[in-house]
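Subject: Structure handover

Hi,

Here is the structure we talked about. Please open it next to this note.

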Amino acid sequence: MTTAEPSPSLRPGDPEETAAALTKGTGGPRRPANAPDKDAGRSGGGTEGRTLNAFSHAFLVLWAVMAAGPLLWAVMNSLKSSGAILEDPWSLPTRLNWENWSFAWNEANIGQYTINSVIVVGGSVVGTMLLGSMVAYVLARYDFPGNRLVYFLFVGGMAFPIIVALVPLFFVMKNFALLDTYHGLILVYIAYSLPFTVFFMSAFFRTLPSSIAEAAEIDGASHSRIFFQVMLPMAKPGLISVGIFNFLGQWNQYLIPQVVHVGDADKYVLTQGLANLAAQTGYRGNWGGLFAGLTLAVLPILVVYVVFQRQVQAGLTAGALK
């Protein structure tokens, strides 16, 4: 009687022989009865992931339609006649009425109002960014008595709605002879935007490394030189982000100009000009000109955001990445 000898390729004790013995006659490796089915888990997770993906994509599409729809509708109606708008405001223009844009820019003085807004908002944004970043840097980098008190005073300024301060603001501006002036409105815009700027930039300055400022101080740089030549360039993403927010808020501001900037119609900013155009449209019925004016008012905002889109995203995520 002969005994079966082990296969020459498998010696007793080899892992391959053990695996072959376990799988022989079973059709595959055995799995404990109470072990979880990994494939089933993967299948369910994949289904849930696809469902969540589809939901998120659908939500983003809906959000894009809600955001871009009104703008596209205004552009479409700015190229139609008033009769066509009243007849069917959702139809495409059969003929491009560029005279609506000419009317809005020249006869409705949207061009002059746009220039006024550029002067006021340009000066106020620069002043806000300069003063706000200086205050935020000091509050974030230097310890002195009353530091937290000053910080919370600025933060508390964001809690008060601007409508509460309109009446005292009018008398303050009147006493300083700043009513109906560009520089007066610029100063009000700066004061209105400083709380948010200080709050945002102080948090951003805290995320910047202190070693570079300390090295510059050891080399003999003054505090002002460290701020302007070292720390401010490092804070460029945050400056651009908060600058965009301030630009949007000041460009669309309506209540403040209506209180402190109403004496001279030639000095109206864009929001005041659009309000006048809307009132005139009710009598003339030039709805195409009104939509053209709205489109012209929105275009600078779109251009600024498209140009600085990457910088805005970098500024919002820089603190988290550090």
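Below are the notes on rings, cores and a cavity.

This is a predicted model, in which local features need pLDDT of at least 70, side-chain atom pairs count only at pLDDT 80 or more, and totals for chains, interfaces and linings use all residues. Residues are numbered from 1 along each chain as its sequence is written, and side-chain values use heavy atoms, with hydrogens and water left out.

Rings

The whole structure holds 15 aromatic pairs. Rings of Phe, Tyr and Trp (its six-membered ring) pair if their centres lie within 6.5 Å; planes under 30 degrees apart are stacked, over 60 edge-to-face, and the rest tilted. F59 and W63 have ring centres 6.5 Å apart and planes at 25°, so they are stacked. Both sit in helix α2 (residues 38–78), 4 residues apart, which is about one helical turn. Helices here are DSSP runs (H or I, at least four residues), numbered from the N terminus. F59 is partly exposed, at 47% relative accessible area. W63 counts as exposed, at 53%. The cut-offs: buried is under 20%, exposed over 50%, partly exposed in between (1.4 Å probe, protein chains only).

Ring pairs also join Y137, Y142, F205, F227 and F228 into a cluster.

Two charges sit over rings (NZ of Lys or CZ of Arg within 6 Å of the ring centre and within 35 degrees of the ring normal). R206 lies over Y151, 5.3 Å from the ring centre. K267 lies over Y182, at 5.7 Å.

Cores

A nonpolar core is a set of buried Ala, Val, Leu, Ile, Met, Phe, Trp, Tyr and Cys residues joined through side-chain atoms within 4.5 Å. The largest has 38 residues; I110, M201, F205, I226, M231 and L270 touch the most other members. Helices that each supply at least two residues include α5 (110–141), α8 (182–207) and α13 (270–284). The largest share, 8 residues, comes from α5.

Beyond its neighbours within four places in sequence, L270 contacts I110, Y113, T114, S117, W251 and A297 (contact: heavy atoms within 4.5 Å). A second, separate core of 15 residues includes I162, L169, I256 and V269.

Cavity

Where does L270 turn up again? L270 is one of the residues lining the largest cavity, along with S117, V121, Y189, Q250, W251, Q253, V269 and T271. α5, α11 and α13 each supply at least two lining residues. A cavity is a set of points on a 1 Å grid over the protein atoms alone where a 1.4 Å probe fits but cannot get out; lining residues have an atom within 4 Å of a point.

Best wishes

Notes: On a 1 Å grid over the protein atoms alone, a cavity is a set of points where a 1.4 Å probe fits but cannot get out, and a pocket is an open set with protein on both sides within 12 Å along at least five of seven lines; lining residues have an atom within 4 Å of a point.
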